[in-house]
Amino acid sequence: VLHAEASSADPAPPACRLELSAYDDGSSDGSWDSLQRWKPRLEAAGVAVVIGRSGGSQGGGCGFAKNRAVAQSSGTWLCFQDVDDLSRPKRIEAQLLAAAARPGALVGARVSREPEGSTARYVAWANEMSEEELLLHRFRECTLLMPTWFMARGTFVRGGGFREEKCEDLLFLHAHVARGGSLHRVGGSPLVVYRYHAAAVTHATPRALLLRHRTAALEAAVLSAHPSWARFTIWGAGRDGRDFFKAMSEDGKRRVAAFCDVDPKKIGSKYIYEAHRVPIVHFREAQPPFVLCVALGRTGGAFEANVTSLGLREGLDYYHFC
């Protein structure tokens with residue numbers, strides 16, 4: 001399958017009308033035949049079904065397919081699901097109740113992985129963030145996993161749908177937050193089985209592209225929006241910190257007062273990139289605010305303890321980027 005995206009829509013529990021909208025975007029594995037076989041079976045069970053296909057041999061991409069699935073649907077609410085994942089029986093009811101209580105919110109859910117244990121660190125992060133961290137950690141990654149998204153149609157329309165390019169989920173989430181939209185994840189047991197396989201489209205997204213979009217989002221939402229970030233420090237003079245620096249605009253680069261680190265081999269030297277010469281200092285000598293370019297959970301708690309020791313406030317004095 002190149003792309004086969006689905007969305008379902010239902011107005012209100014418990015007697016909601018369920019509609020399945022599936023769009024086959026250039027699949028090559030019999031997905032279209034399967035959709036045609038399942039359509040009458042679902043309709044007989046009381047589920048409205050609308051299916052469509054691009055008819056081309058080359059898919060238009062995930063954003064393209066999702067937009068078409070939404071456009072051909074009619075429901076008030078949109079529940080997204082990738083064709084290779086599985087929704088638990090109470091998913092739609094639980095997310096609809098949460099979304100109805102939070103107008104304009106983008107609502108996600110906890111996931112379980114299949115095979116069990118796949119990308120365990122990533123799943124633990126996605127499942128365990130607090131409500132506040134869903135917003136604060138958005139520069140690290142999509143804090144609500146796309147296969148769990150649920151929202152009002154109006155929220156989707158106000159966002160202009162998905163951009164039809166790679167990273168459509170990340171771009172939509174950041175644009176949603178920039179418009180003042182909230183993020184919420186339904187608590188309790190996982191509502192989606194998020195299947196892992198090596199051929200997943202997400203693995204084909206270049207790291208450099210993700211970096212560029214995440215950096216641009218941080219510059220727009222933090223550096224350009226708050227006078228206190230006229231000068232800031234990058235925490236971490238390793239690969240991730242340097243890559244973040246290089247991905248910034250020239251204005252962003254000029255705002256960097258220093259890198260900070262704990263490595264005595266780096267401290268006291270300068271990071272040189274094009275015309276920029278940025279000093280590297282010990283973290284205790286650095287001045288906030290900080291962009292933290294050190295991955296969480298990778299240093300046996302040492303990095304996290306160092307951040308805590310400075311009495312910093314996340315969202316004011318620092319943001320995580322890695």
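Two strands are taken to pair if DSSP finds at least two bridges between them; helices (H or I, at least four residues) and strands (E, at least two) are DSSP runs, numbered from the N terminus. The model is predicted, so local features need pLDDT of at least 70 and side-chain atom pairs count only at pLDDT 80 or more, while totals for chains, interfaces and linings use all residues. Residues are numbered from 1 along each chain as its sequence is written, and side-chain values use heavy atoms, with hydrogens and water left out.

Strand 13 and strand 14 (residues 276-282) run antiparallel and are joined by 4 bridges. Isoleucine 272 has arginine 277 of strand 14 as its bridge partner. Helix 9 (residues 239-247) packs on the sheet and touches strand 11, strand 12 (256-261), strand 13, strand 14 and strand 15 (contact: heavy atoms within 4.5 Å). The direction of helix 9 makes about 40° with that of strand 13; axes are lines fitted to C-alpha atoms, for helices over the stretch in contact, and angles run from 0 to 180 degrees between N-to-C directions.

The open sheet is formed by 6 strands in the order 13-14-12-11-15-16, with mixed pairing. Strand 13 (270-273) and strand 16 are the edge strands, each pairing on one side only.

In helix 11 (residues 302-309), the residues Phe303, Asn306 and Val307 are buried (under 20% relative accessible area, 1.4 Å probe, protein chains only). Seen down the axis of helix 11, the buried residues fall within an arc of 100°, so they line one face of the helix; the arc is that of the directions from the helix axis to the C-beta atoms. Their cover includes strand 11 (232-235), strand 15 (290-292) and strand 16 (318-320).

Technical notes:
Buried means under 20% relative accessible area, exposed over 50%, partly exposed in between (1.4 Å probe, protein chains only).
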